[in-house]
Amino acid sequence: MDSPMSRRITSHLLALALVLFPVASTVAHAASLDDVAESGASAHFLRHGYLVKFRHHSDSPGTPNLQVYNSSGKLLYELTIWPSRTSRLFISSVDVGPDNAFAFAGQVVRDDDTKTNFIASDHLGHTAPQYIATHGYLASQISMADDGSIWAVGDKPSDDALLKSGSSVPNYDTLRHFAPDGTLLDHLMKRWGDGITFVTHAADPAFVTGHLSDGSVNPTPVESLTHSYRDAWKPASDIYLRTHGTSAFLYDGRVTSEPGHTQPTLIESDAATKTNSLRYVTPLQSVYVPQIADLSISANGDIYSHQHITSDSSVAASVGLFKLLSEKDGTQSHWQLVPNSLNEGSQESSAPSVASGGPLSKVTPLCSPETYPCLAYDYYRSVTFIGVPTGANHNFWFVETLYGAPYVTDAGPSIASCSPVSACGYIERWILPGTVGHYAADNITLATLWFNSGYTTLNCTKVGALYTAATIWPTTIAYHLTGPNSNTYAFDMGTAGGFTVPTPPASPGW
Amino acid sequence: MTKRRLQLTAIASIAFTLFFAHSRCDAQTGAEVRAASVLLKQFEVVAYAKTEFLSGSEPQGGAEVDAESHLRLPFLALIGSLRYLGKTTESGIEESYSSVVVGARDFISPQGLGMVNSSTCYIGILKSGAQPNVETYFRQATHESIEGRQGWTWSVPPYEGYPKPTKFYAAQIADSYFVLSNNLQDFQAVTTSLTAPEGATAAFTGVPGWTAFSAQNYWLYRSVRRSGAIDPDAAGTSVLTPDVSAIFFFADPGKRQGTLRVLSSDTTMKTKPNVLPDSELSRLQSQGAGTWQAILPLAKDEPSFDAMFHLFYFLGYGIAI
C-alpha cells in the first residue's frame, strides 16, 4: 500500500466513490491495485467509507488475512480470521456494513479434514466474530444490508460428489437472507430451476437430470456448472450482489446462447414486501465481454456501473460510467452513459465528473498492464483408436482470463453417439475450469503445446475476446467428420482472440 | 515395377481370368489371394498391406504431418488389440506374417471424438517357410473353444469414442492364416471359408479392376453399399456423391504416391465425385465413361494430409476430431 502506484490508485478510488456514492450502501470490488497479484489476495474495495482487502486462502494462524484502511489510506485494522481447529481457511467474500459492522463468509477445513461452510459477522475493533454454519451451502458472495442482515448467493459444492456417486440431491435456493443472529429469513432462486424437486446425474457427466414433484423427469437435462453461483467470489465472475434499503440486487452478467440467458439479468428481492422482480439488461456491446468492473447503488437507489468497452481494433479499453435505466415495461433495462464520463483508448484514463463535467479522477482499466497478466495456449493431441494414434490431431485452448482464472475450452460432436441417428449434430463447446477439458485426454499436462501467447497483461483483451467467443459459440454449426469439427472451433477461438496461430500439424478442420 | 510385383500382377490377372478356380502360384501369394477373396465376398471395404509397412510406419508423436499415415487406419484395430496383449504379441504377429487383409462393414460413429468403428475381420498370411507359433503370443488371452474352434478371446477396455469394452476373437487357421475379429459371426464365417475346399471360395465375381490394384503392396477397395447402413454419416454414404459405386485406392508405401479410382454410374462425367476436398478435385480426371482417376501425393504436408483424411472418410475410416 505504500508504493506510489497504490497510493495514487487508492486516492483515485476514494475520489470516485465519494463523489458518486457519498452514502453508498455498497461499492464494488474491481478496482485494481498493484498488489492484487499477491497470491490469493482480493482486490481492494470500498465499503461504507472503508477500503478493504483480504486474502482468500490462508493456511496458517499467524498471518493477517484482512486489512481495513480509512479513506486516507491509513491502515486501521489488520485482522487474522482463524477459527479454532482450523488447518485451512477460504474466505470467499467480505463486506462492511453500517456502524462498523462487517461480515465475511467462506469455508473452514478442520484439522481432521472436515469442512464447514460459514457466514460470520463482527464489528471492526472487536475480535469475537459470530459464526453461522451454513452446512452444505457455501456463500460465495455476500452483502451486508443497512439493518445488519446479510444477503448471500452461493452453491453446494458437496453435491458434486453425491451426484457422481449416483445419489440424488435435493434442489435448493441459491440466494439467502440471514438475520444478524444467523436466522435464515428468506431464500429464493432454485439452483436447478423452478419445479425441480431433486436431481440425479445424467449420462453425460456435464449434465444432471431434474425430477419434478409429480415423479416425472424433466425432459431437458441441466448443464451442471452453467449458471452456478459457485464462482461468484471471483472478481471476473461478472456477478454482483448488492443491497440497498430492504432490497438485495443480484446482477448476473453471464451470457450464453441458451434461451433465457442471452442477456444479463438483475434480480431484486425486497425483504420488506417479500416481492421479487427480474429485469433483463441490454448489454453495451453485441459481442459480450465481461466488462463491468464495478457496480454500485447510490443513496437514492440508482444503479451505476463502471464499464470497459473494447473494440476489435483496439487493445486499449475505453472506460465509462453508466446508469441503469428501466424501460417502459419494467422488464428490460439498459445502460446509459453518464455524460462526459467516457475516456477512450488509454490504459490509465481520466473519467470526467458526473456532476460538473470536469475531471474527476484517474481510474485503472480492469485489464491494466500492471496487475492482470493473461495467457492463451493452443494444445493439440492425437485422436486414438484402441490406444493407437490415428495421426490426426485435435486442438483445444487453455486460457487464463482476467484475475488468472484458468479454463480449458474444447469442442466435439454435440451428441454422445451419432449412431443410429444420421447426424452428429452441431459442434458443441465446453468451457471448464482447471486444466482438463471435456475430454479427459484434453489435459494440458498430456497434450502438446503448439501456440503460446505469452503470459502478459497485453493479452487480456485478446484472451477476453477469445473467452467471450467461446461463451457465445452458437449451437447451429453442424459437426461433420470431414469438418467443421473441433479444430474449426479452436481456429475460430484463436481468430476471435486476434491471435496469429500457425496451422497446427495434422489438424484437419483448422 | 519390381520383379516381385510383376509376378503378383501376373498371378492375380490369371487368377481373375480363371475366377480363381485354383491358384497355381506359390503358396504365400495363393494364400493372399484366397484371403482377399473371402473378405471381398463378405465385407464392404477390403484392404491389404504388408506387415513390414504396418510395423514401420507408426507416427512418432503428433507433430508429424504425414499423408501416408492414413494407410494404417484400416489396421489400427489389429494393432491396438494385439498391443493390448503386449508388445511381443504385436511384434510376434508382425514378424510371423507377411501381409494382412482386412474386411470391414457396418460402420458406426464414435461417441465423441475417435475413429469410425466397424465390424472388422483381419486375416494374416503366414510368411513363406515360417512355422505358426501363435500360442506364445497370446498368453494374456483366454484359450478356449470358439463355437467349436480353438482360439483366443480377450476384451479391450473402453477406448476413445467407445465407452464399452470390445471383445476380440483370434485363431490360427490351417497353418497358413491368422484370423482376428471384433465380431463373432464374422469370425466364424471367415474361419469357415478359409478351411473350406479352396474351389468353394475362390471367386472374385463383381470386383472390377482387380488386376490393377491387387499387384500393389497396399490396396483398398470399397464397394459402396447404399442401403442398410446403420450409420450413414459414419459410412460416408449420407454425403457421398450418389452415383459413386466403388472406390479403389492403391499405393506403394514409401514412394509417396497413391492412385485413386472411382467408379460412377454417371457416364456423362459431368460431376466429379466428392471423395476429395474441393481444393483437390482437379486431380480427378476422366478415364473413360464411369471411371475417374487421381494420382495423389502421399507427402508430408498439410494439403496431402487433408486430402487423405477426407478420402479415408469415404473409405470407412473417418476420424471425429
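## Terms and model

Helices (H or I, at least four residues) and strands (E, at least two) are DSSP runs, numbered from the N terminus. This is a predicted model, in which local features need pLDDT of at least 70, side-chain atom pairs count only at pLDDT 80 or more, and totals for chains, interfaces and linings use all residues. Residues are numbered from 1 along each chain as its sequence is written, while chains are lettered from A and ligands numbered from 1 in the order in which they are written.

Most residues other than glycine have a negative phi, and most peptide bonds are trans. A:H135, found in strand β9 (residues 130-135) of chain A, has a positive phi near 55 degrees. A:H135 counts as exposed because it has 10 C-beta neighbours inside 10 Å; a residue is exposed if 12 or fewer other C-beta atoms, placed from the backbone, lie within 10 Å of its own, buried if 20 or more do, and partly exposed in between.

In chain B, phi of B:E147 is also positive, near 50 degrees. B:E147 lies in the loop between β5 (142-146) and β6 (149-156) and counts as exposed, with 12 C-beta neighbours inside 10 Å.

The peptide bond from A:G483 to A:P484 is cis, with omega near 5 degrees. A:P484 belongs to the loop between α3 (460-471) and α4 of chain A.

## Chain B

Nine helices and 14 strands make up the list of such elements in chain B. Of its 321 residues, 53% count as buried.
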